[in-house]
Structure formats: C-alpha cells, structure tokens
Amino acid sequence: EYLLLQEVPNATGSNKSRSCDAMAFSLWPSRGLSLTGFELKISRTDWTKEKSNPAKAESFIRYCDFWYLVTSDENIIQPGELPETWGWMCAKGTRLLVKKEAPKLQAEKPTLNFMFAALRRAHEEGAHAARAQFRDRYQEGVAAGKKMMGDGYYRGKYEEQMKTIEIFEQQSGIKLSGQWQAGRIGSIVH
C-alpha cells in the first residue's frame, strides 16, 4: 500500500541541500494517493534544534499531504511546541502511538527535481536490498559448502574417484600419472 523511503533528499545533484528522515508514498488510487513525511527526533536537543530552523522541514512539508513528528519518548516535546500543521507519533515499546493526528495539508505539486530525487532514493534502497539479499544467499552457500565439507561429502567423493582410478590402473596395467599422460591415455582409450 505504501512505499516508505528513508533519507529522501529535496533535490538531485548539487541542488540537494536537505534530507527528510522518511516519506511514505501511498500507491493505491482507490485508497487515496498521498504523501506523508516524517521527522524523527530522539532527544530534546534534537527537537529544539529542529524547531529553531523551520525552513528545514518546509523543504518537504510543502509537498506533503500529512507531516508527522516521530519521537522516541513523550518528554522530547513540551505542551504547545508542536506546530498546528504537524501530527505526532511516539514510540512505545515496539509500537508507534499516534499522539496527535496530522491534519490534511494543501500540498503543492512536487517539482521534477524532488520527484527524481525520490525515485533515485527508491532505486538506491532497492539496489541496497538486492545487494543484501545477494550477500545473504552467498553466505548461505558458503555455510552449506562448509557443512558439506564437515559432513564428509567431498571427502567421500574424492575417495570414490581415487578408488575408480585405482581399479582402472589395476585392470589396465596403465599408471595414470601427471596431467599430460592422463590426457594421452584418454585419447588412446577413446
């Protein structure tokens, strides 16, 4: 239903000056397309710094239908500090509780530069996920190989091949020694 991106820049290339902590793009027109921005704060100092520089959030709020402050603790924000246009979510254990619903905003049409920055971020997150998945599959393969070695699978295969060579040498009277000799013998036998 949503595409959630983290650290979304406000533009691409040298035009980038800020990043939004997270943005959720709704993907189903039947449920209403919207863009929700999230500003995450883990300390009171972090919040007061944000509050003193409203231009930072404004770079993103202008494109959003909803804007939320997300805090790790209820004490980060004091009564009366939350801007009227912001919603508030607070962490409680492993859940996020909505302390104040974000009001519907009059969002501007996003610029192409912003949209391409979001698309680029989506691509980067997808590529990162693909690399992580590849790394995980690789590690699983390494672990499986080590297990096979530990289980004696390859040792058994090696011993089976050596026994086959020994039987061939005994039956043929030909000693397979060295790579070139074995190739010559293989050609003759063929």
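Two strands pair if DSSP finds at least two bridges between them. Strands (E, at least two residues) and helices (H or I, at least four) are DSSP runs, numbered from the N terminus. Everything below describes a predicted model, in which local features need pLDDT of at least 70 and side-chain atom pairs count only at pLDDT 80 or more, while totals for chains, interfaces and linings use all residues. Residues are numbered from 1 along each chain as its sequence is written, and side-chain values use heavy atoms, with hydrogens and water left out.

**View 1. An open sheet of six strands.** The strands follow the order S1-S2-S3-S4-S5-S6, with mixed pairing. Strand S1 (2-9) and strand S6 (95-100) stand at the edges with a single partner strand each, so one side of each has no neighbour in the sheet. On average, neighbouring strands here are turned by 30 degrees against each other, direction ignored. (Axes are lines fitted to C-alpha atoms, for helices over the stretch in contact, and angles run from 0 to 180 degrees between N-to-C directions.)

**View 2. Strand S2 and its two partners.** Seven bridges join S1 to strand S2 (residues 19-26) in the antiparallel sense. To find your way along this pair, look for Tyr 2 opposite Ser 26 and Leu 5 opposite Met 23. S2 also pairs with S3, again in the antiparallel sense, over four bridges; here Met 23 stands opposite Gly 37. Eight of the eight residues of S2 are buried, so this strand is largely enclosed by the rest of the structure. (Buried means under 20% relative accessible area, exposed over 50%, and partly exposed in between, with a 1.4 Å probe and protein chains only.)

View 3. Helix H1 (residues 44-51) lies across strand S3 (35-41) and strand S4 (66-71), and runs at about 130 degrees to S3. Helix H2 (residues 54-61) packs on the sheet and touches S1, S2, S3 and S4. The direction of H2 makes about 25 degrees with that of S2. (Contact means heavy atoms within 4.5 Å.)

**View 4. The surroundings of Phe 38.** You will find Phe 38 in strand S3, buried at a relative accessible area of 14%. Beyond its neighbours within four places in sequence, Phe 38 is in contact with several residues, including Leu 4, Cys 20, Met 23, Trp 67 and Met 89. Tyr 68 is another of these contacts: Phe 38 and Tyr 68 are 30 residues apart in sequence, yet 4.8 Å apart in space, C-alpha to C-alpha.

View 5. A salt bridge is a side-chain nitrogen of Lys or Arg within 4 Å of a carboxyl oxygen of Asp or Glu, and the structure holds 13 of them. In the one between Lys 56 and Glu 39, the closest N and O atoms are 3.2 Å apart. Lys 56 lies in helix H2 and Glu 39 in strand S3, so the pair ties together parts 17 residues apart in sequence. Lys 56 is partly exposed at 23%, whereas Glu 39 is buried at 2%. Both belong to a network of salt bridges that also links Lys 41, Asp 46 and Glu 50.

**View 6. A salt bridge between two loops.** Asp 65 and Lys 104 form a salt bridge, their closest N and O atoms being 2.9 Å apart. Asp 65 lies in the loop between H2 and S4, and Lys 104 in the loop between S6 and helix H3 (112-150), so the pair ties together parts 39 residues apart in sequence. Asp 65 counts as buried at 11% relative accessibility, and Lys 104 as exposed at 53%.
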